[in-house]
Amino acid sequence: MTTEEKLKHFLDTCMEDARARSSRMLDEYTAALQKSFEEHKQDARRRAQMQVRQETEKIGRELNKKLSAAQLEQKRALGRRQEELKDKLFVELQNRLAEYRETPEYQKLLEGQITAAVDFAKGEEVVVYLDPSDADKLEGLALCHPRASLKQSDYSFLGGTRALIPARNILIDNSFQARLAEAKEQFHFSLHTAAGKSGSKTMEASSEGRVQG
């Protein structure tokens, strides 16, 4: 297994773990919302039954209006909760990446990215930028990769590398910041509702978002 594959497996494992816990939290929150909604419906129906016959049609219209509003509010609350869980998931993933950067595997990842950039340049000048927090690795990497011009970036991109091939105006962005941004943009909860034997509904959260090394 290559270093890139190990990184991908590592990140996928982190996301699956965080996603599973987020799914459980979302299920619990959805169940509470569903219970509140059912109580709201029952209360509204009891009040409707207490009205006189000539008011039945009017009460029915008002009930439908209130139920629609309650459903809309439920969807909004669920959407807000999803965004909160998504933000927490990616904060945790960023923390996991910070821990990964302290491992020997991260050093191998940088070496692999530099080698790939040099190979892609095919003899042309290639400038590889390292994150400021990786300044201690710059000298050693430069000695191992004399065909690349290694420099420290002026700003942080959370790890990884950014390689520039000036002659072809090509930027190879292998920074963790770019990978996280891409994964967060693609990430979403897929919600599936299904009626069980008891007639209750369940919700499953999943994501198509991936962070690849």
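Reply: **From a loop aspartate to the core**

Let's begin with aspartate 134, which is found in the loop between β1 and α4 (135–144). Please keep in mind that this is a predicted model. Is this aspartate buried or exposed? With a relative accessibility of 2%, aspartate 134 counts as buried, because the cut-off for that class is under 20%. Setting aside neighbours within four places in sequence, aspartate 134 is in contact with Arg101, Tyr106, Leu110 and Gly159. One of those contacts, Tyr106, also belongs to an aromatic cluster with Tyr100 and Phe176.

Now to the sheet. Four strands, in the order β2-β1-β3-β4, make up an open sheet with mixed pairing. The edges are taken by β2 (149–152) and β4 (170–175); each has a single partner strand, so one side of each is left without a neighbour in the sheet. On average, and ignoring direction, neighbouring strands are turned by 20° against each other. Inside the sheet, β1 and β3 pair in the antiparallel sense over 4 bridges, and valine 128 stands opposite alanine 163 in β3.

The loops of this sheet hold two residues whose backbone deserves a look. Leucine 158, in the loop between β2 and β3, has a phi near 70°, a positive value in a residue other than glycine. At 27% relative accessibility, leucine 158 counts as partly exposed. Asparagine 169 sits in the loop between β3 and β4, and its phi is also positive, at about 50°, although it is not a glycine. Asparagine 169 has a relative accessible area of 68%, so it is exposed.

α3 lies across β1, β2, β3 and β4 and runs at about 15° to β3. α5 lies across β3 and β4, running at about 80° to β4.

The largest nonpolar core has 35 residues, and Phe90 and Val126 touch the most other members. At least two residues of this core come from each of α1 (3–49), α2 (56–100), α3 (104–121), β1 (127–130), β3 (160–165) and α5 (176–186). The largest share, 8 residues, is supplied by α2. Leaving out residues up to four places away in sequence, valine 126 touches Ala117, Val118, Ala121, Arg147, Ala148, Ser149, Ala163, Leu164 and Ile165. Among these contacts is Ala163, the residue opposite valine 128.

Phe90 takes us on to the rings. The model has 4 aromatic pairs. In one of them, the rings of phenylalanine 90 and phenylalanine 187 have centres 5.6 Å apart and planes at 90°; because angles over 60 degrees count as edge-to-face, that is how this pair is classed. The pair links distant parts of the chain, with phenylalanine 90 in helix α2 and phenylalanine 187 in the loop between α5 and β5 (194–195), 97 residues apart. How accessible are the two partners? Phenylalanine 90 has a relative accessibility of 6% and counts as buried, and phenylalanine 187, at 3%, is buried too.

Conventions:
Residues numbered from 1 in each chain as written. Predicted model: local features only at pLDDT ≥ 70, side-chain atom pairs only at ≥ 80, totals over all residues. Heavy atoms only, no water. Core = buried A, V, L, I, M, F, W, Y, C linked by side-chain atoms within 4.5 Å. Buried < 20%, exposed > 50% of the residue type's maximum accessible area, 1.4 Å probe, protein only. Contact = heavy atoms within 4.5 Å. Phe/Tyr/Trp six-rings, centres within 6.5 Å; stacked < 30°, edge-to-face > 60°. Pairing = 2+ DSSP bridges. Axes fitted to C-alpha atoms, helices over the stretch in contact; angles between N-to-C directions.
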